[in-house]
Amino acid sequence: MLILSAIGLTQKIMTNKFAAAFCLSALLMLPSLATAKISKQIPLYDQSKYAVGFSHFDYVNPQAPKGGRIVLPEYGGFDNFNPFIFKGIATAQVANLSLDSLGIVPADDPYTVYPLLAKAFDMPADKSYIGFILDEHAKFHDGSPVTADDVIFSYNALMEKGQPLYKVYYADVDRVEKVNSREVRFYFKKGTHNRELPLILSQMKIYSAKDWEGRDFSKPELRIPLGSGPYKLEKFEPGRFLIFKRDKNYWAKDLPSRKGFFNFDEVRFDYYQDTTVTLQALFAGSIDVREEYIAKIWVTGYDNHLVNSGKIIKENMAHNNAATLQMFAFNLRKPKFQDRRVRQAIALAFNFDWANDKLFYNQYQRIYSYFTNTGMEAGGLPQGKELSILKKYRHQLPEEIFTTVPANPRHGDFKETRRHLKEAVKLLQQAGYDFVDSKMTNLATGEPLEFEVLSNSANGNTFTRVMLPFIANLAKIGIKLTFRNLEINVFKNRLDNFDFDMAIVSFGVSRLPGNEQAEMWGSAAADIKGSYNMIGIKNPVADDLIKGLISAQNKNDYEAYVRALDRVLLTESYMIPQWFSPYQRVAYHNKFGHPQTSVKAGFQPMTWWDASPSTKDKK
C-alpha cells in the first residue's frame with residue numbers, strides 16, 4: 001500500500017433499521033449478508049496489534065497538552081489544494097490536516113485498519129465487498145454530517161477525474177452502493193482475490209459532495225475545501241506559507257485513533273526552494289523543526305552556540321519504515337537504455353563506497369532492494385515458494401535470476417573500480433557498442449552514448465558532489481554524462497511527461513507492498529503521463545508477480561511474491577539504487593515534547609506538543 005507523503009489511502013450492522021425490514025427468506029436468498037461480519041478493525045492477515053477497545057496508539061502521549069504552534073518547512077510551491085489530480089502543483093498538507101479518511105493505519109501496525117470516519121466495517125465470509133459504517137458523530141467543519149453520498153462522491157471523483165493511479169488502485173472495484181445515509185459498500189469484481197483492497201479503500205480522504213456542487217474536481221484551484229479533519233486552513237499565500245488552526249470542536253478528538261495527535265493550536269508551513277536554506281532558517285528561529293537530508297551538514301553544520309548550549313536539539317529518530325526508494329531512474333523509452341547490458345554497465349560506474357566515505361561520513365547504507373528494510377528483500381538465491389513461483393517463468397527470465405545473488409558492486413579501492421569499468425566495457429561491447437574516437441559508440445547507428453541526469457533544486461548542491469566521480473568514471477569508458485539541477489516545478493513537469501534520460505527520484509515505499517506496485521512498475525501505467533511508472537517498465541513477468549502478491553491469500557505466499565518481484569526488478573537493472581538511513585535526523589528548538597516510546601515510529605510531528613510553561617496545564 002503506497003503512502004504519498006505523502007504521499008501519502010466496513011461493514012454492515014444487521015440490526016439497523018434498513019436490515020430490520022428483511023425477512024428470513026430474504027436473508028436466505030442473500031448469503032453474503034447472512035454471513036457478514038461486523039468488525040471494529042480490518043486486519044489483513046487476521047491478526048491486529050491493538051485489541052478492540054484500545055485507548056490509544058503506543059507511539060503517542062494521550063495526555064499531551066494542547067496549545068502553542070509549530071513552524072515547519074515545505075519545499076517548492078503550490079497553485080492547488082487538490083493533491084489527487086494530475087494538473088497543477090498541489091500541496092498535500094491541506095488534505096493531510098483538514099480531511100479525514102474512512103480508517104487509520106498506524107505507524108506500528110501496517111497490517112490493520114482502525115476506525116475513523118467509519119466506526120465499523122462490514123465484510124462477508126466470501127469477501128465479495130467491504131462495507132463502511134460511518135460514525136454518526138462524523139461531521140464537516142460547517143457542522144453537516146459525513147454521509148454515504150460524500151464517500152461515493154469522493155470515490156467517483158478520484159476514478160473519473162483523479163490522477164491515473166486511482167484507476168489502478170481501485171481497478172478491482174465493480175461498483176459502489178449506498179445502503180443508507182450512513183452505510184456504503186464497495187463490491188469487488190467477480191473472482192477478485194485482492195485482500196489489500198479494503199485497506200486501500202479505507203485510506204480514501206472524504207470530501208463533501210455538497211461543497212463540490214457546480215465545481216470541476218479536475219481543475220486546479222486555491223479554494224479551501226470543506227473538511228472534517230483536525231485543522232482548518234486559515235490563511236495562505238501561494239508558494240510562501242500555509243497556516244492551519246486546530247478545530248477545538250473536532251468531532252474525532254477523543255477517538256482512540258486520534259488521541260494524542262494534533263496538539264498544536266497552529267501549524268504553519270513556510271515554503272523554500274532549497275533544503276540547505278532552511279538550516280539558517282532554523283538557526284534564525286524562522287522555523288522550529290527541520291529534518292536533515294544531508295549527512296555532511298548533519299555532522300559539520302550544527303557546531304554553533306545554539307546547538308552546543310542545548311537551545312537546538314539534534315536527534316536521530318529510529319524508524320521501522322521501508323527505506324525510501326531513492327535512485328537514478330532510467331527512462332526505458334529512450335532507445336539507448338532498452339538493452340539491459342547498457343543499464344548494467346552504467347550502474348557499474350557509480351561508486352557509492354567513495355561517496356559514503358568522503359561525502360556522507362559513513363552514515364548511510366546502500367539500498368539493495370526495491371523493498372529495503374521490510375524483511376521481504378530478495379536475498380541469496382531463490383528458494384522455497386519464491387523459487388517455485390519463478391520457475392513458472394523460467395523461459396522468460398535471465399538465467400542469472402536462478403544462479404546469481406543480487407548485489408550492488410563494491411568499490412573498496414581503485415583496483416575494484418578499474419575492474420568494474422572493464423566489466424562495463426565488455427557489457428557495452430556485447431550490446432553493440434565500442435570505442436570510436438575515444439567515445440563509446442553504437443556501431444549500428446554511429447551515435448555516441450551520452451545522456452543527461454536531472455535533479456531538482458531542493459537537493460541544492462548535494463548531488464553535484466556525488467555526480468562528479470560518476471561523471472569521471474563514465475568518461476573513462478567513453479560515456480558523456482551531463483548533470484542538471486532544475487527548479488522543482490519544472491523538474492516535476494519533465495518527469496510527468498517522460499521528458500528525461502535519467503532522473504534522481506525518490507519513492508515512498510510501503511511496508512506492505514500492494515496495489516500501488518502496478519502503478520509503479522506495471523505495464524499498464526507505463527504510457528500514462530504522470531504515472532509513477534516513469535521508468536517505463538513493461539515486463540509481463542513483473543505484471544504477473546504483482547497480480548500474485550495482490551491476490552495472495554496467506555502471508556507466506558504474499559512475501560514469496562514480493563521477493564520474486566524484487567528479484568526480477570533488480571536483475572533487470574531498471575534503476576541504480578542510492579542510499580538510505582535507518583534514522584531520521586531531526587533538529588528542533590528546545591521547546592517541544594514528543595513521545596518517548598520503544599516504538600520505532602520515526603519523525604511524527606503531529607504527535608509532538610508545545611512544552612513551554614504556557615501550555616503545560618492545557619488539555
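**Burial, salt bridges, sheet and helix packing**

Visitor: Is Asp-353 buried or exposed?
Guide: Asp-353 has a relative accessible area of 16%. A residue counts as buried under 20%, as exposed over 50% and as partly exposed in between, with a 1.4 Å probe and protein chains only. By that rule, Asp-353 is buried.

Visitor: What kind of model is this?
Guide: Residues are numbered from 1 along each chain as its sequence is written, and side-chain values use heavy atoms, with hydrogens and water left out. Local features need pLDDT of at least 70, side-chain atom pairs count only at pLDDT 80 or more, and totals for chains, interfaces and linings use all residues, this being a predicted model.

Visitor: How many residues apart in sequence are the parts that Arg-410 and Asp-353 tie together?
Guide: Arg-410 forms a salt bridge with Asp-353, with the closest N and O atoms 3.0 Å apart (a salt bridge is a side-chain nitrogen of Lys or Arg within 4 Å of a carboxyl oxygen of Asp or Glu). Arg-410 lies in the loop between H14 and helix H15 (414–430), whereas Asp-353 belongs to helix H12 (residues 352–358), so the separation in sequence is 57 residues.

Visitor: In which helix does Glu-400, the partner of Arg-340, lie?
Guide: The side chains of Arg-340 and Glu-400 meet in a salt bridge at 3.1 Å, N to O. The pair ties together parts that are 60 residues apart in sequence, because Arg-340 lies in helix H11 (residues 340–348) and Glu-400 in a separate stretch, residues 400–403. Helices are DSSP runs of H or I with at least four residues, strands are runs of E with at least two, and both are numbered from the N terminus. The helix that holds Glu-400 is H14.

Visitor: How many salt bridges does the structure hold?
Guide: One of them joins the side chains of Glu-177 and Arg-175 at 4.0 Å, N to O; Glu-177 is partly exposed at 28% relative accessible area, and Arg-175 is partly exposed at 40%. Others link Asp-211, Arg-215, Glu-221 and Arg-223 in a network. The total for the structure is 36.

Visitor: Which residue of S7 is the bridge partner of Lys-37?
Guide: S2 and strand S7 (residues 118–123) run antiparallel and are joined by 3 bridges. The partner of Lys-37 in S7 is Met-123.

Visitor: At what angle do helix H13 and helix H20 pack?
Guide: H13 (residues 384–391) and H20 (residues 555–571) have axes 8 Å apart, where axes are lines fitted to C-alpha atoms, for helices over the stretch in contact, and angles run from 0 to 180 degrees between N-to-C directions. Angles under 35 degrees count as roughly parallel, over 145 as roughly antiparallel, 65 to 115 as roughly perpendicular and the rest as oblique. H13 is oblique to H20, and the packing angle is about 55°.

Visitor: Are H19 and H20 roughly parallel or roughly antiparallel to each other?
Guide: The axes of helix H19 (residues 540–551) and H20 come within 8 Å and cross at roughly 160°. Among the residues that meet there are Leu-545 and Leu-549 in H19 and Tyr-561 and Leu-565 in H20. H19 and H20 are therefore roughly antiparallel.

Visitor: What is the relative accessible area of Leu-481?
Guide: Leu-481 lies in strand S21 (residues 480–486). Not counting residues up to four places away in sequence, Leu-481 touches Phe-451, Val-453, Met-467, Phe-470, Ile-471 and Leu-474, contact meaning heavy atoms within 4.5 Å. Leu-481 is buried, and its relative accessible area is 6%.

Visitor: In which strand is Glu-266 placed?
Guide: Glu-266 is buried, with a relative accessible area of 12%. Leaving aside neighbours within four places in sequence, its contacts include Arg-69, Phe-244 and Lys-245. The strand that holds Glu-266, residues 266–272, is S13.

Definitions and conventions: Two strands pair if DSSP finds at least two bridges between them.
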